[in-house]
Each structure stands twice: as C-alpha cells, then as structure tokens.
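Me: I have a structure open and want to learn how to read it. Can you take me through some features, one at a time?

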Amino acid sequence: GWGYGPNNGPDTWSEEYPVADGPRQSPINIIPKEATFDPSLKPLKLTYDPSDAKSILNNGHSFQVDFVDDTDSSTLSGGPISGVYRLKQFHCHWGGSDERGSEHTVNGVRFPCELHLVHWNTKYPSFGDAAKEPDGLAVVGVFLKIGAANPSLQKVLDSFASIKTKGKQTSFGQFDAKTLLPPSLEFWTYDGSLTTPPLLESVTWIVLKQAISVSPAQMEKFRGLQFGAEGESACDMVDNFRPPQPLKGRLLRANFK
Ligand SMILES: NS(=O)(=O)c1ccc2o/c(=N\O)[nH]c2c1
Ligand SMILES: [Zn+2]
C-alpha cells in the first residue's frame with residue numbers, strides 16, 4: 001500500500017491514483033503576495049463540543065482524533081464555504097527533524113508540523129459521500145512552529161504511548177479542538193484535494209496564517225509513533241507529508257490584506 005517511503009511515497013502515488021496529477025491537488029506553496037484579498041469572505045465560525053471527541057487512532061500514516069459526527073454539535077461555517085460542515089477528525093503531518101514536516105509551505109518555508117481539522121458538508125449524508133464531491137470537504141490547516149510547549153497538544157501527545165503502532169486506538173473523551181487554534185483566524189483559501197490517497201479533489205482548503213507553538217520535546221513525541229504494526233520491523237512515523245503540488249492556475253484568496 002501507499003506510504004511515504006522510497007518505494008511507495010508521493011512520487012509513486014499517481015500509478016494507482018492518477019488524480020495525483022490532476023488540476024486541483026494539495027498541498028501548495030502559498031505565496032502571500034500572489035493571494036487576492038477578498039472582502040466578501042466571511043469570518044470563520046468554528047463551534048466544537050468537547051464531548052464529541054471519541055477516540056485516537058494510529059492509522060499507519062498519522063494519528064487521528066475522531067469525533068462523533070452524527071449531529072451538528074461540532075461544526076465549521078463561514079469563511080469561503082456555504083452551509084454547515086461537521087468536524088470528523090483531526091491529524092497532523094510532521095518531519096524527522098524540525099526543518100521539515102508541513103505540507104503547505106509559505107514562500108517555500110516549511111514548518112516542523114501541520115495540523116489538519118477535517119470537516120464534511122452536511123448537504124451530503126456522510127463523510128464518505130461528501131469526499132466524492134467538489135464541495136464536499138473543508139480542511140482547516142494550522143502550522144506548528146518551534147517555541148514554547150503547547151499545553152493543548154499535551155493531551156494528544158500523552159495518548160501516544162497507547163497507540164504506538166498501526167491499528168492501535170484508545171478512547172479520547174472531553175477534548176476541545178478549539179484550543180488548538182491560534183488567536184487570529186486570518187486565512188488563505190483555495191480549492192484543493194486530500195493530501196493522501198485517494199487524493200480526491202473535494203477539499204476547500206482554509207490555511208491559517210498564524211502558527212501555534214510546539215516545543216522540540218513535543219516534536220520528539222510525534223516521532224516516537226511507528227508506521228508499522230506491532231511486531232513488524234520498527235519504522236519511526238516521520239516525514240509523513242506530501243510536498244507542494246502545481247497551482248495550475250488556481251486562485252488563492254486571503255481574508256486579510
Ligand atoms: N491530509 S488531509 O488532506 O487533511 C486528509 C483528510 C481526510 C482524509 O481521508 C482520507 N482517506 O479516507 N485521506 C485524507 C486526507
Ligand atoms: Zn492531512
């Protein structure tokens with residue numbers, strides 16, 4: 001199966017997923033000077049209910065915190081999107097060292113980690129159905145930069161001991177994902193895709209300009225996860241990021257000057 005290694009990594013994905021070479025692939029390099037300020041963009045509205053947090057899973061590509069998404073209790077609206085999108089999960093991508101790890105870049109600058117909060121459009125019956133639609137998903141991307149330890153991340157990191165290997169999961173109750181957001185909700189937005197197979201071109205990307213902090217010790221905790229299952233040869237879960245893809249004429253908008 002696909003992965004991030006030399007024989008199954010991003011440069012091989014188009015063999016099984018030809019959309020990898022499609023017109024609206026993600027991530028991209030964000031060049032702020034090439035963004036169009038759009039005054040019609042509404043403020044982002046994020047309403048998350050901490051009791052919707054359900055479990056945390058090692059899926060062999062990242063960790064993901066899954067949410068109960070059968071009601072409109074944790075939602076995203078406003079910004080570039082119409083209607084209401086439900087929070088399904090969040091996960092991260094990170095590097096083997098602090099100078100790489102993010103998927104989106106800004107003027108070519110890579111961050112050590114990038115957080116993705118994944119939402120699906122409630123005009124469709126489920127995440128799976130929405131993921132097949134051009135307006136089906138909205139992912140909020142948040143950059144992590146090296147600095148002070150982030151207390152909101154700590155609960156996630158503390159659970160890693162019980163999900164070290166692929167397929168492990170554990171309960172994860174009472175978590176407010178809003179604590180992972182920076183003070184400013186200024187954002188760039190563009191039409192893109194999932195950044196992992198199946199690479200579906202169904203994502204409205206909303207990338208926040210302001211980063212949140214993570215300490216070097218906290219980054220080492222991410223790197224303690226494993227790609228493989230228990231008993232398989234140990235392989236540190238690092239460098240689980242797809243590099244930037246061609247913009248192919250897409251418009252990049254900003255809700256700030
Ligand atoms: N990395 S990403 O673009 O946020 C993302 C979000 C949700 C996803 O679901 C996936 N397969 O079911 N891949 C995937 C990537
Ligand atoms: Zn992601």
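Predicted model: local features only at pLDDT ≥ 70, side-chain atom pairs only at ≥ 80, totals over all residues.

Me: Which side chain has an N or O atom 2.8 Å from a nitrogen atom of ligand 1?

Reply: That is Thr 195. The side chain of His 93 also has an N or O atom 3.3 Å from a nitrogen atom of the ligand.

Me: Next, the metal. Which residues coordinate the zinc ion (ligand 2)?

Reply: Look for the donor atoms around the ion. Here His 91 and His 93 each use NE2, while His 116 uses ND1, at 2.0 Å. Along the chain, the donors follow the spacing H-x1-H-x22-H.

Me: What is the geometry of the zinc ion site?

Reply: Check the angles among the donors. The site has 4 donor atoms, with angles of 100 to 119°, and is tetrahedral.

Me: Are His 91 and His 93 buried or exposed?

Reply: Both are buried.

Me: Now cysteines. What is a disulfide?

Reply: It is a covalent bond between the sulfur atoms of two cysteines. This structure holds 0 disulfides.

Me: How accessible are Cys 113 and Cys 235?

Reply: Read the relative accessible area. Cys 113 has 0%, so it is buried. Cys 235 has 40%, so it counts as partly exposed.

Me: Where does Ser 193 lie?

Reply: Find the strands on either side. Ser 193 is in the loop between strand S12 (187-192) and strand S13 (203-208). Its relative accessible area is 0%, so Ser 193 is buried. Beyond four places in sequence, it touches residues including Arg 24, Gln 25, Ser 26, Trp 205 and Arg 242.

Me: Which strand holds Ile 212?

Reply: Ile 212 is in strand S14 (residues 212-214). With 6% relative accessible area, it is buried. Contacts can join parts of the chain that are apart in sequence. Leaving aside neighbours within four places, Ile 212 is in contact with Val 142, Phe 143, Leu 180 and Pro 182, among others. Ile 146 is 66 residues away along the chain, yet the two C-alpha atoms are separated by 8.7 Å.

Me: What should I expect of the backbone?

Reply: Most peptide bonds are trans, and most residues other than glycine have a negative phi. Look for the exceptions. The bond from Ser 26 to Pro 27 is cis, with omega near 0°. The bond from Pro 197 to Pro 198 is cis too, with omega near 10°. Pro 198 is in the loop between S12 and S13.

Me: Which residues have a positive phi although they are not glycine?

Reply: Asn 107 has a phi of about 50°, and Gln 174 has one of about 45°. Asn 107 lies in the loop between strand S8 (105-106) and strand S9 (113-121). At 52% relative accessibility, Asn 107 counts as exposed. Gln 174 is in the loop between strand S11 (169-171) and S12. With 54%, Gln 174 is exposed as well.

Terms used:
Residues numbered from 1 in each chain as written. Chains lettered and ligands numbered in written order. Heavy atoms only, no water. Donors = N, O, S within 2.8 Å, 3.2 Å for Na, K, Ca; no water. Tetrahedral: all angles 85-135°; square planar, octahedral: opposite > 155°, others 65-115°. Buried < 20%, exposed > 50% of the residue type's maximum accessible area, 1.4 Å probe, protein only. Helix = DSSP H or I, 4+ residues; strand = E, 2+ residues; numbered from the N terminus. Contact = heavy atoms within 4.5 Å. Disulfide = S-S within 2.5 Å. Polar contact = N/O pair within 3.5 Å; in protein donor to acceptor, adjacent residues only side chain to side chain.
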